[in-house]
Amino acid sequence: MKTNIKYLVLVAITVFASCTKQLDITPEGSPSAQNFWKTKEDAIKAEAGMYENYNSEDFYGRGMFWFINASDDMVTGRNKPEGDNIKNFNRSYIGGGYTETQWSLRYAIIKRANDIIANVPAIMMDDNLKKQIIGDAYFNAGLVYFQLASNYGNDKAGVPIVTPDADAAVAIPRAKNVTENYDYIISLFLKAADNLPNFSTMKAADYGKAHKTAAWAYLSKVYLFKKDYANAAKYADMVIGSGQHDLLTNFADVFKASNNWSKEYIWSVVCTPNGGGTGWGSKLPGVMLTNKAWGIYNGWGYYLSTKELYDSFVAGDQRREVTILKPGDKFTFFGAERTFTKDAGATSNYQFKKYMEPFTYANPIPTHVNPNGDNGTTDLNVPLMRFAEVLLIKAEAAINVSGPGAGDTELNRIRVRAGLAQKTGMTIDDLKRERRNELAGEWADRHRDLVRWGDAQATYAKPLHDYDGAVIWPARNFNPSIHDVWAVPQREIDNSSGVIKQNAGW
């Protein structure tokens with residue numbers, strides 16, 4: 001019978017033959033199921049296979065970022081009908097190419113993680129290495145389940161929970177609600193944390209694999225989305241008190257490749273400009289770069305900032321100029337100072353600047369920038385979770401539990417780093433602004449923040465503006481009872497022979 005999730009038809013053993021140069025692990029050959037899961041080397045190859053999809057353009061390059069693009073922080077920078085339909089919450093985007101794979105790509109990782117969890121415990125090998133590989137599997141499963149659940153699940157229906165002992169021939173229906181998913185995800189991250197080492201004890205060759213405080217950080221975020229603020233604060237405090245992490249002194253330094261593994265790092269997409277083929281890691285830096293990049297490099301210009309985001313920064317906030325380029329701004333590109341101008345066809349006069357550091361060097365190719373502009377990867381790891389977000393999670397949880405002022409300690413650490421004066425009695429509105437300004441253009445996903453805060457409908461009922469005040473995106477109709485989740489890809493409904501149901505209203 002057809003299965004509900006496309007990944008279940010994949011033979012797990014074939015994925016372990018995939019290259020993952022980014023982690024200095026190179027699986028080789030195509031072993032059969034009969035002779036795999038026998039040795040330490042098999043376990044290492046299996047672990048490497050979990051990271052293969054990190055290199056897919058649609059995974060962390062732009063696929064899921066079309067959903068993030070729905071927020072008020074950015075607009076679709078070029079004429080892209082499917083991207084426009086996503087941003088406008090138009091169901092005609094269903095079945096298109098940009099986001100249909102988001103579900104199956106993530107369930108493929110769950111399949112690979114489940115195979116590790118089921119098979120690696122029986123392999124005779126070093127116990128510490130075994131624990132680390134198993135912990136990495138629990139972490140990766142938890143991470144992609146969280147991405148799936150927060151995008152597709154609500155109180156009406158969650159996403160399918162596929163356990164390591166699930167029968168691949170049987171279609172699995174959706175969980176009854178997203179809380180059921182969150183509880184399962186929490187169990188995965190707890191097991192991950194129990195098995196994983198601290199980042200500070202890892203060898204450089206293992207950087208990019210999961211570690212203990214990354215599991216705690218995502219536990220805090222899952223609890224935040226679940227609105228269990230006491231536990232969100234608990235695990236954020238465990239990260240904060242671990243001694244493993246801190247804020248860098250200068251906000252701009254966070255987005256320098258030399259600081260990929262800085263004290264602010266918690267979790268990121270490991271990137272390189274010259275991994276071969278389509279490159280390695282996220283091509284988001286090239287996707288956000290102005291279209292055609294002034295004739296010097298093939299930027300894509302897909303996600304451009306709005307005046308609403310620019311104006312949300314208060315006077316003196318150093319993050320604004322690090323985050324956004326506007327007309328007339330001076331910047332360095334390929335070793336020369338330039339004055340920012342937009343591409344003639346761009347919908348916005350702004351550009352996100354956070355991922356530009358690799359392009360500043362006089363001869364960045366191939367040391368810092370991919371020679372192929374169609375695969376605009378760089379040597380800057382694109383952050384998925386950093387210490388600043390943990391501080392923001394703690395502050396938000398504390399304010400929700402104890403009221404205004406309860407998050408002042410954490411918020412002031414972020415404000416002082418941004419060049420702003422300390423404040424007292426900060427409210428949830430202060431938290432929302434700091435979260436927006438700190439994490440703009442990153443994978444933290446302001447759209448999901450607006451949805452979970454209940455702010456999306458009012459926010460999207462207002463048009464978005466360009467540098468000169470002109471409307472560049474009209475007001476949108478966001479229905480909280482429908483658009484709080486995205487549509488389940490039609491291919492998954494079809495592959496399940498209808499066992500998987502569409503989200504209501506889509």
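Good morning. I begin with Arg174, which sits in the loop between α7 (127-152) and α8 (178-195); helices here are DSSP runs of H or I of at least four residues, strands are E runs of at least two, and both are numbered from the N terminus. The model is a predicted one, in which local features need pLDDT of at least 70 and side-chain atom pairs count only at pLDDT 80 or more, while totals for chains, interfaces and linings use all residues. Residues are numbered from 1 along each chain as its sequence is written, and side-chain values use heavy atoms, with hydrogens and water left out.

The backbone oxygen of Tyr152 is 2.9 Å from a polar atom of the Arg174 side chain. Beyond its neighbours within four places in sequence, Arg174 is in contact (heavy atoms within 4.5 Å) with residues including Ala157, Pro160, Val488 and Asn503.

I turn to the whole protein. It has 20 helices and 10 strands, and buried residues make up 62% of its 506 residues. Its C-alpha trace spans about 65 × 50 × 45 Å along the principal axes. Of the contacts between residues at least 6 apart in sequence, 68% join residues at least 24 apart. Thank you.

Definitions and conventions. A polar contact is a pair of N or O atoms within 3.5 Å; within protein, one must be able to donate a hydrogen and the other to accept it, and residues adjacent in sequence count only if both atoms are side-chain atoms. Buried means under 20% relative accessible area, exposed over 50%, partly exposed in between (1.4 Å probe, protein chains only).
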